[in-house]
Amino acid sequence: MEKKILFPCVGGFVHGGDYNPDQWLDRLDILEEDVKLMKKAGVNCVTLGVFSWAAYEPEEGDFHFEWMEQIIENLFQNGIYTILSTPSGARPAWLDAKYLEAMRVDNKGLRNRHGGRHNHCMTSPRFRDKVAVIDRKLAEHLGRHPGVIMYHISNELGGECYCPQCVQKFQKYLAEKYDYDIDRLNMEWWTSFWSHHYNTFGEIEPPFANGETTIMGLNMEWKRFTTFNMNDFLQYEIEVLHSVTPQIPVTTNFMSLFGGLDYRKMAPGLDVVSWDNYPPFHNDGETFGETMLGSAFNHAVMRSLKRDTPFMMMESTPSLVNWHSINKLKRPGVHKLSCLQAVACGSDSVQYFQWRKGRGSYEQFHGAVVDHLGTDDTRVFREVAQVGELLQKIAPVAGTVVKSRAALLFDWDNRWAIWDVKALGQKTKKYEETCRDIWKVFLRLGVDMDVVGSDEDLSRYDVVVAPMLYLLQPETAGNLKAFVNRGGQLLATYFTGYVNDAQLCYLGGFPGDGLWELFGVISEEIDALYPSDRNGILLEDGSRWEVMDCAEILRVQDAKVLGTYTDDFYQGSAALTCKNHGKGNAYYVAARTEASQMSALFEKMLADAGIPVKKLPEGVEYHVRSGEEGNYEFYLNCTTEPVELSGVNGYDMVTDAPVSEKLTLPEYGAAVIRL
C-alpha cells in the first residue's frame with residue numbers, strides 16, 4: 001500500500017498554523033521573536049495571508065507584496081514552509097464602498113453592510129474581477145517562492161446570497177437542470193398543492209424569509225444551488241492561481257458538519273481536504289470521552305471525502321476558543337491527546353488558530369500558541385512544543401491512511417430533507433445524532449468506519465449501516481442491492497426510502513425504489529412518541545431494547561422477524577427483521593433505540609463479515625493507519641485514570657519502548673504502536 005505523502009519537503013507531519021504578521025509590521029522585534037519561538041515549538045509550516053487583503057492592497061490598484069515576500073523568505077531560511085491563503089474571505093472597506101454589489105443580500109432582501117467576513121456575493125462579476133486581480137498578483141509575486149507548498153482558498157466558506165444576480169443565476173441553474181421544461185419542475189416540486197404552479201422559470205424566487213418556503217423541492221434546490229455557486233466561486237479562484245502556478249496543490253478549510261454546503265460536491269476540486277476542529281472539551285453535557293468520540297466522527301467525515309489520501313487538520317486551538325458559550329481551557333495533557341487523535345484518524349497535519357494572539361478586535365482572546373505574555377515559558381507553549389517533538393518521532397506514520405471495511409452512510413441531501421420535512425417529532429428527528437451515535441458504537445468495538453454518501457462506490461466495504469435514509473438518490477437502491485448480493489452485511493433503520501431526490505413520496509410502499517424487496521418489509525405507518533411514551537423491542541434471546549421518539553409498523557413480506565414490539569396497539573408486530581441474500585444480510589430496525597443497545601447486533605454483522613472486534617475499556621479509542629511499511633495502531637486514553645490493555649504487541653513510538661502483551665496508558669495518555 002503506497003504512501004500518500006502530502007509534502008515530502010516537510011519530512012513528515014505539518015505542524016504550525018495561522019500566522020498574521022501583518023498585524024505586527026510595526027514591531028520588527030516581535031516578528032523576529034516569532035521565528036525563534038516557532039523553531040522552539042517544532043513548527044515547520046505556517047498559514048499566511050488569510051485576511052491580508054487590506055495589507056496587500058490598501059487602496060484600489062496600489063499593491064504591496066514585498067512585506068509578505070520578506071516574511072516568507074525569512075521563514076524559509078529558518079526551515080519553515082508556507083501555506084499561502086487567498087484573501088477573499090474578508091474584503092477591504094474601499095472595495096465595498098465602491099462596489100456595493102460585492103456585498104450579499106440576506107433572505108429578507110436586505111443588502112448587507114461592510115463588515116464581518118464572508119459577506120461577499122459569490123456571483124458578482126465585479127467582486128470576481130477584484131478577486132482575480134489580487135489572486136493573480138499573489139501567485140505572481142509570492143506563489144513561485146520555494147517556501148510556498150500549498151494554496152489555502154479563502155477561509156471557512158459559507159453563507160447564501162439572495163441578490164438579483166444570484167436570483168437570476170438560480171433561475172438559470174433550475175432551467176438547465178430541468179431541461180427548460182417548467183412542467184417537469186412543477187410535477188417534481190408538486191406545485192399543484194396550494195396553487196403554487198409556476199408558468200416560467202423567471203417566476204421562481206429563492207426561499208426568502210417572507211416568501212415561498214413551503215415547497216420542499218424549492219428549498220432543496222436552493223441548498224444545492226448554494227453549494228453549486230460556492231463551489232463555482234471556489235473553482236474560479238483555483239483556476240486563477242493555477243493559471244500562474246499550476247504545480248501548487250490547493251485546499252480550503254471545511255467546518256465539521258456545517259449544514260450550509262454539501263462538502264461531497266466540493267471535495268473533488270481540492271487536492272487535499274482540510275477542516276477546522278474545535279470540540280467543546282470538558283462540557284457539562286457529556287463525558288470527555290464522548291466529546292472525543294464526536295471529534296473522531298468529524299475526522300472520519302472529512303477523511304472519507306478523499307478516502308485514499310491523508311487529510312489536514314487546518315485549525316484547532318492549543319488552549320481555548322472565544323466563541324463557545326463557555327470558553328473552557330484544555331486541561332493538561334488534552335492538547336497532545338486531541339492532536340494524536342487527529343493523526344490517528346488520518347490527518348497529516350496539526351495546525352492551530354492562531355500562532356500569536358492579536359491585541360484587539362474580535363479574536364483577541366482566542367487561544368494561541370503565543371499568549372499576550374509573549375514568552376515560551378507558558379503551559380500552552382510547552383504542550384505545543386511537546387506535540388512538535390512527538391510528531392517528529394512518529395514521522396514515519398505520515399502518508400499512511402485509514403483503511404476501513406465498514407461504512408456509515410451520511411448524505412447532505414438526506415440531512416436537508418429531514419430538516420425540512422413536516423413529519424415525526426419536529427424536535428426529535430435527530431438525524432445527525434443517530435448517525436454519530438451508531439458510529440461511536442462501532443468505534444468502541446475497535447472498528448473505525450468511513451462515512452460515505454449513499455450513491456458512492458461500496459465495493460471496498462463488507463459492513464454498511466444506513467441510518468434514516470429518508471431520501472434516496474437515483475443510484476442508492478441499486479447500490480445497496482448490489483452490496484448485499486455480493487455478501488455485504490447491511491443495516492437500515494426506520495424512515496428509510498420515503499422520498500426520491502426531488503422529495504416526492506414513493507408509491508407502493510416504503511422503503512421505496514424496490515428496497516422493500518431487499519429488506520422484505522413494508523412500513524405501513526410511523527408513530528411519533530412523546531418522552532412519556534413507553535415501548536420496547538423484545539429479541540429472540542429475551543433481551544429488550546427500549547424504544548424512543550419514533551416507531552414504524554411493518555408489514556413483513558419474506559424477512560425473518562428477530563424482534564417484536566412489547567407495547568401499544570402494535571405489540572407483537574415486527575420491529576427487527578433480517579432477509580438473507582446469499583452470503584449477505586439486510587437488517588431493518590423499525591424503531592429508534594439507544595445505539596449502544598444494538599452493539600450485539602453490530603458484533604454479529606462484523607463477525608459474519610470477518611471483521612475482527614477489539615473490545616476496549618470505557619473511554620479508550622483505537623485507530624489504525626496503514627501504509628507500505630505495515631500498520632500503526634493508536635491507543636488513546638480519554639479518561640483521567642490510568643488504564644491497562646492486554647494483547648498489545650509492537651514498538652511504542654511515543655515512549656521508544658517495546659510492548660509485549662500489556663500496555664499501560666496514564667491519564668490522557670496515548671501510544672502509537674508500530675507493528
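## A walk through the predicted model

An open sheet of 9 strands runs in the order β5-β4-β3-β2-β1-β9-β8-β7-β6, and the pairing is parallel. Strands here are DSSP runs of E with at least two residues, helices are runs of H or I with at least four residues, and both are numbered from the N terminus. Two strands pair if DSSP finds at least two bridges between them. The model is predicted, so local features need pLDDT of at least 70 and side-chain atom pairs count only at pLDDT 80 or more, while totals for chains, interfaces and linings use all residues. Residues are numbered from 1 along each chain as its sequence is written, and side-chain values use heavy atoms, with hydrogens and water left out.

β6 runs parallel to β7 (residues 274-276), and 2 bridges join them. There, F254 has W275 in β7 as its bridge partner.

Now move to β3 (residues 81-85). Of its 5 residues, 5 are buried, so the strand is largely enclosed by the rest of the structure. Buried means under 20% relative accessible area, exposed means over 50%, and partly exposed lies in between (1.4 Å probe, protein chains only). In a regular strand the side chains alternate between the two faces of the sheet. Both faces of β3 are covered: Y81, I83 and S85 are buried on one side, T82 and L84 on the other. Each flank has its parallel partner. Strand β2 (residues 45-48) is joined to β3 by 4 bridges, and L48 stands opposite L84. Strand β4 (residues 148-152) is also joined to β3 by 4 bridges. Here T82 stands opposite V148.

A helix covers part of this sheet. α11 (residues 334-344) lies across β8 (311-315) and β9 (347-352), and runs at about 145° to β9. The axes behind that angle are lines fitted to C-alpha atoms, for helices over the stretch in contact, and angles run from 0 to 180 degrees between N-to-C directions. Contact means heavy atoms within 4.5 Å.

Charged pairs come next. The whole structure holds 42 salt bridges. A salt bridge is a side-chain nitrogen of Lys or Arg within 4 Å of a carboxyl oxygen of Asp or Glu. One of them joins E221 and K177 at 2.7 Å, N to O. E221 sits in helix α8 and K177 in helix α6 (residues 164-177), so the pair ties together parts that are 44 residues apart in sequence. The two ends differ in cover. E221 is buried, with a relative accessible area of 2%, whereas K177 is partly exposed at 33%. The pair also belongs to a network of salt bridges that links K177, E221, R224 and D413.

Two further pairs span longer stretches of sequence. K440 and E290 form a salt bridge, with their closest N and O atoms 2.9 Å apart. K440 is in helix α14 (residues 431-444) and E290 in helix α10 (residues 288-303), 150 residues apart. K440 is buried, at 6% relative accessibility. R307 and E456 meet at 3.1 Å, N to O, in another salt bridge. R307 lies in the loop between α10 and β8, and E456 in the loop between β11 (450-452) and β12 (463-466), 149 residues away. Both R307 and E456 are buried.

Loops hold other points of interest. T400 lies between α12 (379-393) and β10 (406-409). It is buried, at 1% relative accessible area. Beyond its neighbours within four places in sequence, T400 is in contact with K3, P310, R625, S626, G627 and Y632. V613 lies in the loop between α17 (599-609) and β21 (620-627). At 33% relative accessibility, V613 is partly exposed. V613 touches L445, E603 and L606, not counting residues up to four places away in sequence. Its C-alpha atom is separated by 11 Å from that of D448, 165 residues apart along the chain.

End at the surface. M187, W190, F193 and W194 form a nonpolar patch with about 540 Å² of accessible area together. Patches are made of residues with over 30% relative accessible area and no salt bridge; like charges are joined within 9 Å, and nonpolar side chains (Val, Leu, Ile, Met, Phe, Trp, Tyr) within 5 Å. Accessible areas come from the Shrake-Rupley method with a 1.4 Å probe, and for residues only the protein chains shown count as cover. W190 is found in the loop between α7 (182-189) and α8 (216-244).
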